[in-house]
Amino acid sequence: MHQIYFLLGLLGLAFFLASRYFHRGLQNYPGPFWANFSDLWRFFNVLGRRPEVTHIRLHRKYGDIVRLGPNTLSFADPKAIKEIYGIKKDYVKSEFYPVQMSMSKGEPLPSLFSATDERFHASLRRSVNNAFSMTSLVYYEPLVNETIEVFLNQTERIFAEKNRPCDFYRWLQFFAFDVIGMITYSKRHGFIEKNEDIDGIVAQLGKIFNYAAPVGQMPWLDSVFWKNPILSLLSKWGLWDNSFAVAHFARARMQERINAPETEKLANVNKEDLLSMFLKAQKNNPDFMDDKRVLTMAVSMAFAGSETTAISLASVFYYLIKNDKCLETLLDELREAVDNGVVENRPSGLVSWSEAQKLPYLDACIKEAFRMHPAAGLPLERVVPPQGATICGEAIPGGVIVGCSAWVLHRRPEIFGADADVFRPERWLEADGEKLKMMNGTMFQFGAGPRTCIGKNISLMEIYKLVPSFLRRFEVHLSHPENEWKLHNAWFIKQCDFETKFSVKNIQA
Ligand code: HEM
């Protein structure tokens, strides 16, 4: 009798494995053996915290299409960018994204970043688009300036004067949080003033991404762990609080703004920050932009705009310090620009956004750092529309999860050259015409299409200003130049063991 049960069990297992293997005809695409049968393969791969290395290796071994799970394909051909992420393509974000959705009283709060309902997303994006336009940057630049000046002064006081080593990634993370706080509410959280993780916000965000990256590979696990019905009920009844520390800060700022006396409101008429822009959007469209949506927008600025910016800044500094010839060339460009009056010689070292845009080698260094180390470290997953689609000449059935990873695209030798694994900013200055167009078209650090990063302009302004301003004020050295940094891929790829020392420069010289 037992043998029959055993045989039936074996038969059931064989049937299940075969159904996974032949799922939607994806057996024709190569990939790791176990990925044919279960998403557990990608769950454990992501849990190993270096999936981007695996993805690059797999594409180099198997070619442009790799099967990463029974229902998941990764594409390495830049043509896939337009085909998957292009306008009017009807792809939706996969269930990877709602795992990052915050909860309020037991209800998930879809944000611009995590929403999978494209109609809802389009309405929300339309309502707030104006706040992120290139022209709105003039309102935010003074807010960024103030934060950069505090950051430079605190770097001098806390680290340079005392010759104290600095965990540079963490310090840049504090900067990124404070600058986004400033742009959103005209108020810093206080990270750089206090040199501490205010309300444990950084630690909490780290935990969320550590959780969301692997769980997002098998999103149903989220309803077992974080968004499980018992915790949701407890939260609805007020017996359990799973809201984020950054949401408390946002709520307080919003209340201050709404309850401000009329005189203060009038005085603030010309002071534009993101919150004032979101409140304006609410005035124009009160039915859609209710208080909850304004709050979600404000909170998601910290989620989407802090770690990504800190990572990108850290990689510019790291690659420059590790490549002293590039650093020298950049410093020469900066010196010359100050001598020629292209950059004003301000005592604080501050460089303006318009000045920074006139520095071609700086531009090349930043682009090259984005290429070598894009912040997002996983494929940006989308679901093929029900009718199916053609991607890179292959007919892909509806419902399959597809995506491109910036890490894979940015290391294509036929686009960026045989030395694609090396940091070499000059490639951006040497290339022209079709070649440059192709290189630019393959860059994917901000995603693409209707879900491309809405904060791109803001983050570019922060990076193009801080890098030259910092390098005018300080010499930066690695505490342990013989060591490489360590990377930790929890959806965004953070840098660890990046310890630096700073010495003050004589700006007027
Ligand atoms: C260098 C810094 C940044 C990088 C590398 C970056 C990267 C990205 C990427 C790759 C996406 C697309 C995600 C996807 O398709 O799955 C995205 C979306 C988004 N980013 Fe950024 N980001 C940065 C800075 C910012 C900043 C400063 C903000 C806010 C001020 C921001 C807000 C957002 C939002 C709200 C979305 C969702 C847009 C939508 O779906 O409509 N990001 N970002």
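This is a predicted model: local features need pLDDT of at least 70, side-chain atom pairs count only at pLDDT 80 or more; totals for chains, interfaces and linings use all residues.
Trainee: How do you know that the radius of gyration of the chain agrees with that of a compact globule?

Mentor: With 509 residues, a compact globule would have a radius of gyration near 23 Å, and because the chain has 24 Å, the value agrees with that expectation. The box filled by the C-alpha atoms, taken along the principal axes, is roughly 90 × 60 × 40 Å.

Trainee: What makes a residue count as buried, and what percentage of the 509 residues does that describe?

Mentor: A residue is called buried when its relative accessible area is under 20%, and in this chain 57% of the 509 residues are buried. As for the surface, the chain exposes about 22800 Å², of which carbon and sulfur atoms supply 57%.

Trainee: Why is the meeting of helix α11 and helix α13 called a contact, and which residues make it?

Mentor: The word contact means that heavy atoms lie within 4.5 Å, and the residues that make this contact are Arg253, Met254 and Arg257 of α11 together with Leu275, Ser276 and Leu279 of α13. By class, three of these residues are nonpolar, one is polar and two are charged.

Trainee: At what angle do helix α11 and helix α13 pack, and is their crossing left-handed or right-handed?

Mentor: Helix α11, residues 245–259, and helix α13, residues 274–284, pack at an angle of about 65°, with their axes 11 Å apart, and the crossing of α11 and α13 is right-handed. These two helices belong to a chain whose secondary structure comes to 23 helices and 14 strands.

Methods
Residues are numbered from 1 along each chain as its sequence is written. Side-chain values use heavy atoms; hydrogens and water are left out. Axes are lines fitted to C-alpha atoms, for helices over the stretch in contact, and angles run from 0 to 180 degrees between N-to-C directions. Helices (H or I, at least four residues) and strands (E, at least two) are DSSP runs, numbered from the N terminus. A crossing is left-handed if the near helix is turned anticlockwise from the far one by less than a right angle, and right-handed if clockwise. Ala, Val, Leu, Ile, Met, Phe, Trp, Tyr, Cys and Pro count as nonpolar, Asp, Glu, Lys and Arg as charged, and the others, Gly among them, as polar. The radius of gyration is taken over C-alpha atoms; the globule rule is 2.2 Å times the number of residues to the power 0.38. Buried means under 20% relative accessible area, exposed over 50%, partly exposed in between (1.4 Å probe, protein chains only). Accessible areas come from the Shrake-Rupley method with a 1.4 Å probe; for residues, only the protein chains shown count as cover.
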